[in-house]
Amino acid sequence: MTLPSATTKVHLDAGSDDPSQARSELATMSDAINSLITHLGTSSITSGSSVLSAAGGLAVSGSSLLTSLAFTTKTATYTALTTDRAKVINFTTAGVDLDFTASATLGDGWWCIARNSAASGDVSLDPNSTESINGSSTSIALRPGDMALVTCNGTALFALIMRAPATQTEMEAATNATAMVTPASVQWHPGVAKAWATLGWSAGVLNLIDSHNVTSLTDNGTGDFTVNFTTAFADADYVPLAICNRALNTTYGAIPYVINTPTVSACRFQVALIDFGAGSHNPVDPSRVHVSFFGDQ
Amino acid sequence: MRYVTIKRTDGGTSQMTIIDDRANVKDEIAKWSAASGLQAASFTVSDTPPATP
């Protein structure tokens, strides 16, 4: 393949250049480009430590550029070698280690991606002998779904870890300090309200003002309502909380309380107006009632 | 939203507001009944809020 020489004119002036010469030079460049495309289709070009090839699609690999990754699957403890540079090492079995060859052997700039694809259990990233990973000789655990970009500077390893979302079990245990929390998984944490609502009566009609995980609300009469949940609790031992708005009055107080036995799917409340002076109480429709529910779903 | 007027077996009336349009009316009544200790004798469903009493 012959490329145009550096002295070949690539800018043509329509006013002064000979059209036939322009056509000739354009034809030369076109041939060169076609030759390059043909060459890439069957072979490769090497420049320094980089390799450009077009086998199965254009790919560049080497120390400076990379657009494709080799993928290797492991089902037992494995020691990463210098030849694993720029590879994805995928574990489908947990309870095993990804050990590393000595950093001096791997060399400055070596890297790989480790991934735990097992359904359960951890894969440990274990540095060589007394060497360190992220500044510690303690191995790093990859949970199911976790990935790590492991790099070497010739003396130690460094891991940039991409954590998988926490599972429901991890969220409910509330002890994992590394798993990622998503908007959906927050719901499983024991410290989060599983349902809540603000409601109020206006001219005798019960209105829902705002809510979460509430599918319906029922007015059973004066100061008497039932809240149905969209997602049920795991058991009926959850914590229903309620409080009312009531105009300031030194004699009366509106007290909400749970009546009947709550189920996993619903909870009934009543609100009583207490006359502390007379010691009497009567049902009342407060302007607002706020309810929330904590427990296991 | 849908509005369900429940005539109870004790002679009273309960007014249910269903917020989640995907919810099944009979399922919601069953959930309400179990937690409230009240039973539905009959019910009607409407797309408009109940009138002020």
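Strands are DSSP runs of E with at least two residues, helices are DSSP runs of H or I with at least four residues, and both are numbered from the N terminus. By that rule, A:N90 lies in strand β6 (residues 87-91) of chain A. The model is predicted, so local features need pLDDT of at least 70 and side-chain atom pairs count only at pLDDT 80 or more, while totals for chains, interfaces and linings use all residues. Residues are numbered from 1 along each chain as its sequence is written, chains are lettered from A and ligands numbered from 1 in the order in which they are written, and side-chain values use heavy atoms, with hydrogens and water left out.

**Chain A overall**

- Chain A contains three helices and 21 strands.
- Of the 297 residues in chain A, 36% are buried; buried means under 20% relative accessible area, exposed means over 50%, and partly exposed lies in between (1.4 Å probe, protein chains only).
- Contact means heavy atoms within 4.5 Å. Among contacts in chain A between residues at least 6 apart in sequence, 47% join residues at least 24 apart.

**The surroundings of A:N90**

- A:N90 counts as buried because its relative accessibility is 5%.
- Apart from neighbours within four places in sequence, A:N90 is in contact with A:F71, A:T72, A:T73, A:K74, A:R115 and A:S117.
- With A:S117, the side chain of A:N90 makes a side-chain to side-chain polar contact at 2.4 Å. A polar contact is a pair of N or O atoms within 3.5 Å; within protein, one must be able to donate a hydrogen and the other to accept it, and residues adjacent in sequence count only if both atoms are side-chain atoms.

- Strands β13(A) and β14(A) run antiparallel and are joined by seven bridges; two strands pair if DSSP finds at least two bridges between them.
- A:L199 stands opposite A:L208 in β14(A).
- The hairpin has two residues between its strands, and A:A203 takes a positive phi near 50° there.
- A:A203 is not a glycine, and this residue lies in the loop between β13 (195-202) and β14 (205-212) of chain A.
- A:A203 is exposed, with a relative accessible area of 56%.
- A:S129, also not a glycine, has a positive phi of about 45°.
- The loop between β9 (123-126) and β10 (140-142) of chain A holds A:S129, which counts as exposed at 62% relative accessibility.

**The interface of chain A and chain B**

- The size of an interface is often given as the accessible area lost when the parts come together.
- Chain A and chain B bury about 1,600 Å² between them, 52% of it on carbon and sulfur atoms; buried area is the accessible area (1.4 Å probe) that two parts lose on being put together, summed over both.
- The elements giving two or more residues to the side of chain A that touches chain B are β14, β15 (214-221), β16 (224-229) and β19 (266-275) of chain A.
- β15(A) gives the most to that side, with seven residues.
- The contact takes 23 residues from chain A and 22 residues from chain B.
- Across the interface, 13 residue pairs are in polar contact (both at pLDDT 80 or more).
- Between the two chains there are zero salt bridges, a salt bridge being a side-chain nitrogen of Lys or Arg within 4 Å of a carboxyl oxygen of Asp or Glu.
- β15(A) pairs with strand β2 (residues 13-18) of chain B in the antiparallel sense over four bridges.
- Within this pairing, A:S216 stands opposite B:I18 in β2(B).
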